[in-house]
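Dear colleague,

My findings follow directly after it.

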Amino acid sequence: MENNRKWSEKIIAIFTACVITAAIVVCTGMLKTYAEEELPFNRVKVSFPSVTLELSETAAESDLVYTFELTADDSSNPMPDTTVLEMTEAGEASFGDAIFELPGDYYYTVHQTTEAVSGLIIDSTVYKIRVHAYLIDEMEDGKVVTADKLVATVILGIEGEANKPAKILFKNTDEKGSLKIVKDLLKKENVEGRLDPATFVFSLDFYEEDELIRSDVVSMVFNSAGADYVEIQDIPIGTKIVVSEVYAGGNYKISGSTSQTVTIESSAAMEVQFTNNYDDTWKGGGSVTNSLAADGSGGTATYSDETVESLSASQN
């Protein structure tokens with residue numbers, strides 16, 4: 001009798017446990033199904049914009065590995081499998097795709113992480129990506145065929161700029177410098193009835209590894225005493241330049257050497273200075289050059305110009 005009672009208790013306990021277990025399984029399944037049914041969004045695959053790299057001739061010949069990183073403003077944002085790109089030559093590379101499941105705005109940044117190298121300008125542009133995911137009702141013949149379909153739009157921008165670029169483009173270029181030729185005219189001739197300007201002409205010889213690669217002539221025109229300069233820009237780093245004052249009219253004597261040599265070492269402007277003074281005589285003179293005329297606040301020209309452009313102004 002006692003044994004029958006114990007067996008009955010065991011059977012009841014086992015049955016109760018099975019019922020409870022089944023209830024938990026059923027309830028869990030119902031909850032999971034309910035949650036899935038309440039999620040009215042599908043998934044959408046978004047392709048992130050590719051990175052295009054352009055390199056100068058020097059950069060292309062280097063052994064550098066150019067790196068680019070994609071980061072999310074929020075750690076919960078969907079991310080592609082690849083978030084760092086490595087490129088050894090000019091071209092295009094892709095981060096790939098990411099899957100989005102919820103509507104909203106997702107923000108990302110793409111920037112270059114290449115290590116700085118002397119003589120090379122690494123493009124520091126920061127691109128901003130906004131993925132705008134939203135729901136639409138897909139229509140066909142005036143009827144909804146797919147309700148609440150998730151779609152996405154990718155908007156590209158540049159940090160600190162209002163314009164919207166067509167693509168992510170990084171341009172790594174050679175570092176270049178500039179040369180300022182400073183003229184200090186201590187005294188200007190003042191002959192009664194004459195207002196002749198004072199013209200100063202400089203020859204420039206450009207050397208690359210001691211080989212003459214280019215020559216130019218520039219001039220500065222002064223209508224009164226004072227200091228001014230002309231600046232030649234975009235000169236490749238390492239270029240040696242010999243600057244010589246080759247004409248100062250017959251009335252102005254130079255103080256010191258008529259020739260100076262300088263090497264462009266960085267993006268900072270290098271400078272040579274020439275000082276002249278009126279010798280209290282009058283002799284007519286003039287010049288014709290592919291010239292830069294000083295305009296009181298400095299004149300500029302670009303080294304890459306086929307001829308140095310003329311600036312139509314004078315020192316007052």
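If neighbours within four places in sequence are left aside, the residues in contact with Phe 100 are Asn 42, Arg 43, Val 44, Val 46, Phe 48, Pro 78, Tyr 106, Tyr 108, Val 131 and Leu 150. Two of the residues on that list, Tyr 106 and Val 131, also stand opposite each other, with Val 131 in E9.

E7 (residues 104–112) and E9 (residues 127–140) run antiparallel and are joined by 7 bridges. Both belong to an open sheet of 5 strands with antiparallel pairing, in the order E4-E3-E7-E9-E10. Strand E4 (84–87) and strand E10 (143–158) each have a single partner strand, so one side of each is left without a neighbour in the sheet. From one strand to the next, the twist averages 20°.

Glu 89 is found between E4 and strand E5 (91–93). Is Glu 89 buried or exposed? With a relative accessible area of 57%, Glu 89 is exposed, because the cut-off for that term is over 50%. Leaving aside neighbours within four places in sequence, Glu 89 is in contact with Leu 53 and Leu 55. Glu 89 and Asp 63 are 26 residues apart in sequence, and their C-alpha atoms are 9.2 Å apart in space.

Finally, a word on confidence. The protein averages a pLDDT of 79, and 72% of the residues score at least 70. Over residues 17–40, however, pLDDT stays under 50, and the model has 2 contacts beyond four places in sequence for this stretch. Residues 305–316 also have a pLDDT below 50, yet that stretch has 39 contacts in the model beyond near neighbours in sequence. Where pLDDT is low, the predicted coordinates should not be read in detail.

Yours sincerely

Conventions. Residues numbered from 1 in each chain as written. Predicted model: local features only at pLDDT ≥ 70, side-chain atom pairs only at ≥ 80, totals over all residues. Heavy atoms only, no water. Pairing = 2+ DSSP bridges. Helix = DSSP H or I, 4+ residues; strand = E, 2+ residues; numbered from the N terminus. Axes fitted to C-alpha atoms, helices over the stretch in contact; angles between N-to-C directions. Contact = heavy atoms within 4.5 Å. pLDDT = per-residue confidence, 0-100. Buried < 20%, exposed > 50% of the residue type's maximum accessible area, 1.4 Å probe, protein only.
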